[in-house]
Protein chains: 2
Amino acid sequence: MSVHNFFAGPAILPQEVLKEASESAWRYQDHGLSILEMSHRSKPLTAIFEETEALIHELLNIPDDYKVLFLTGGASSQFYMVPMNLLNENETAGYVDTGTWSTKAIKEAKLFGNVKVIASSEDKNFNYIPKNYEVPTDLKYLHITSNNTIYGTQMQSFADCPVRMVIDMSSDIFSRPFDITSFDLVYAGAQKNLGPAGVTLVIVKKDILEKVERKIPSMLNYMTHVKKDSTFNTPPVYPIYVSLLTLRWIKKMGGVKVMQERNQAKADLLYGEIDRNPMFYGTTAVEDRSKMNVCFLLHDESKAEAFEAAAKDAKCVGIKGHRSVGGYRASTYNALPIESVQVLVDVMQNFEKQHG
Amino acid sequence: MSVHNFFAGPAILPQEVLKEASESAWRYQDHGLSILEMSHRSKPLTAIFEETEALIHELLNIPDDYKVLFLTGGASSQFYMVPMNLLNENETAGYVDTGTWSTKAIKEAKLFGNVKVIASSEDKNFNYIPKNYEVPTDLKYLHITSNNTIYGTQMQSFADCPVRMVIDMSSDIFSRPFDITSFDLVYAGAQKNLGPAGVTLVIVKKDILEKVERKIPSMLNYMTHVKKDSTFNTPPVYPIYVSLLTLRWIKKMGGVKVMQERNQAKADLLYGEIDRNPMFYGTTAVEDRSKMNVCFLLHDESKAEAFEAAAKDAKCVGIKGHRSVGGYRASTYNALPIESVQVLVDVMQNFEKQHG
């Protein structure tokens, strides 16, 4: 591989997935047609949707009282669909504010009911995960964000919670095992570990639905999609298909447990270098470091241009940090090989030799 | 081309579009990456979004007081977004009911305000387009559907209207020239003449926005996307890209006027055969026949199996009619070559010789 892809999302996909995705965009199997021009009601495409749903159940060990949905509009649409479907106007939902995306989720939820921010790390520019907060037992649900792409923090485990839990797992789903039964609703935009932009995964416990009083447009009611297996209208066929290819790859590699081991090894390598190399420092609390998005800064920002030129020469792309944090962010999603991390580490070491 | 693709949508795309779409899913230009794994904030992708928007302006001759948006959720999401953004609870919108999709649009609009069905062809299973109806001048807007994919009817022209007009052009946009200034909002799912499933085109006159009183979630407010050039959140990158390739193809072919001529020639050929061949008959009023979806039935349904086997032998796929009409539907979108229509006509003629 010539280019080392550290983009935060849309993000790197496995080479064999891209190869097959490319072939199917020209001709899908022996159908004589591109997968882009086939009816979503045709048998080959119905088979794709069914296999994708089944594989997600298998890889995440999801019980039958949950439904896997393929929606659109990204996690940003779940910010309002969750409270629209789960929260009555006189009820209260709790939110843990761990950065830009949860802040946006809080803003949208306020349109539908009462919102209580249970904990926040805004006091330190979201560079840590709040812990040991009290969760009032009268909340309709508690909303958390497992990984914060922008700030590079990640919940390493999920505390027991006395109320229903909703979780935005956009940037770390399929990166590690987790107990789905701790949650009533899980959502994730596809474009990190799952597939290309254009499909949003929702996993919902069916018995929590249809309990609110408001009238909801058909397309925004989760139950519409539960009843129609995500084909109430034309689903985003190709993004779902490429997600299926990625899920097959995860399974072939050994499942989410193996993804976790791979991601741990990459994180150890890169954070190890950040901690060792006197030119750089990490931006987050060490215990909350994300294994998906590794944020770091230069001690001497006047050397930024030289470091960026060296990274570019080594064909490392997408390492520019988000403006909220600055510096650098190397995203190390499932599909990123450790060899790419090693290339970046080599760049950092050479940079130290030349500029340290 | 070995297979003749008459699917109603997702539907046929030009061969050269599919070729380039396939190549870019493996490696995009000289970036060393698949277009599926590149950040939507990267320069090459920003350039794609800008060119797509500009090309739509050019091909449809859209003035600058309109904004072209790339959303998701299909036309089905526009059914509620239109009234949510344009209709106050105490106001009335008019709808012309020409079949399944407009019926659904009416259902969703009722959640937001008063709805008056101005005209309907439900009395004859939507096999014609209502005409010469009165439009009350106190309507907030009138909603029409230009082409009815399921029933095979199409508005051949658009009457002057004393109120704002909103039009669902999902299945015939870019198939013929039209005067955009007759409309305040045009929407279309991509998966007929524009691209693959996964992106929804909205063209909106900017000064009609932000006039309603209700609070609207950020993602559902057109103005959010106007202000952010459709990148408020991660847009469906690949469906937009393939749409751009299709738009370039339309331009290269000579624009929507040439598309209209090609579509007219295909329609003349196929409807001509339906009218000539004593085995078949058309299902719609002759003056309202769609140039996109040609619906026809066998006089003797006991011969259906034989006809379908002959069509299959000739590699004509996707001609099964929708269950609401039965029989056959051959969709003849922009990308379908007249040679494919000729193959189907040959099948019909041979069928007459053998079974007539």
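Start by colouring chain A by domain: domain 1 takes 4–12 + 255–355, and domain 2 takes 15–253. These bounds come from an automatic or database domain assignment. What you have open is a predicted model, in which local features need pLDDT of at least 70, side-chain atom pairs count only at pLDDT 80 or more, and totals for chains, interfaces and linings use all residues. For your selections, residues are numbered from 1 along each chain as its sequence is written, while chains are lettered from A and ligands numbered from 1 in the order in which they are written.

**Stop 1: confidence**

Now colour by pLDDT, the predictor's confidence in each residue, from 0 to 100. Chain A has a mean of 97, and 100% of its residues reach 70 or more. The model as a whole scores ipTM 0.98 and pTM 0.98.

**Stop 2: where the two domains of chain A meet**

Go back to the domain colours. The C-alpha centres of domain 1 and domain 2 of chain A are 27 Å apart. The contact between them draws 28 residues from domain 1 of chain A and 27 residues from domain 2 of chain A; two residues are in contact if their C-beta atoms, placed from the backbone, lie within 7 Å.

Helices (H or I, at least four residues) and strands (E, at least two) are DSSP runs, numbered from the N terminus. H7(A) supplies the largest share of that side, six residues. Sorted by class, the side of domain 1 of chain A that touches domain 2 of chain A has 12 nonpolar, 11 polar and five charged residues. Here Ala, Val, Leu, Ile, Met, Phe, Trp, Tyr, Cys and Pro count as nonpolar, Asp, Glu, Lys and Arg as charged, and the others, Gly among them, as polar.

**Stop 3: chain A against chain B**

Zoom out to show both chains. Their contact takes 50 residues from chain A and 50 residues from chain B. On the chain A side, select H1, helix H3 (74–86) and helix H6 (237–253), the elements that each give two or more residues. H1(A) gives the most, with six residues. The chain A side that touches chain B divides into 26 nonpolar, 20 polar and four charged residues.

How are the two chains related? Chain A superposes on chain B by a rotation of 180° with 0.0 Å of shift along its axis (RMSD 0.0 Å). That is the relation of a two-fold axis. Copies are superposed by least squares on the C-alpha atoms of residues with pLDDT of at least 70 in both. To find the axis from chain A, centre on A:Ser22, whose C-alpha is the nearest in that chain, 2.3 Å from the axis. Both copies use the same surface, as 100% of the contact residues of chain A recur in chain B.

**Stop 4**

Most residues other than glycine have a negative phi, and most peptide bonds are trans. Select A:Gly9 and A:Pro10: the bond between them is cis, with omega near -5°. A:Pro10 sits in the loop between strand S1 (4–5) and helix H1 (15–26) of chain A. Over in chain B, the bond from B:Gly9 to B:Pro10 is also cis, with omega near -10°.

Next, click A:Glu210, which has a positive phi of about 60° although it is not a glycine. Look for A:Glu210 in the loop between strand S10 (200–205) and helix H5 (222–227) of chain A. Is A:Glu210 buried or exposed? A:Glu210 is exposed, with 12 other C-beta atoms within 10 Å. The cut-offs are 20 or more other C-beta atoms within 10 Å of a residue's own for buried, 12 or fewer for exposed, and partly exposed in between, with C-beta atoms placed from the backbone.

B:Gln29 also has a positive phi, of about 50°, without being a glycine. B:Gln29 counts as exposed too, with 10 C-beta neighbours inside 10 Å.

**Stop 5: a buried serine**

Finish on B:Ser175, in the loop between strand S8 (165–168) and strand S9 (185–189) of chain B. B:Ser175 is buried, with 26 other C-beta atoms within 10 Å. Leaving out residues up to four places away in sequence, B:Ser175 touches several others, including B:Asn193, B:Met259, B:Lys291 and B:Asn334.
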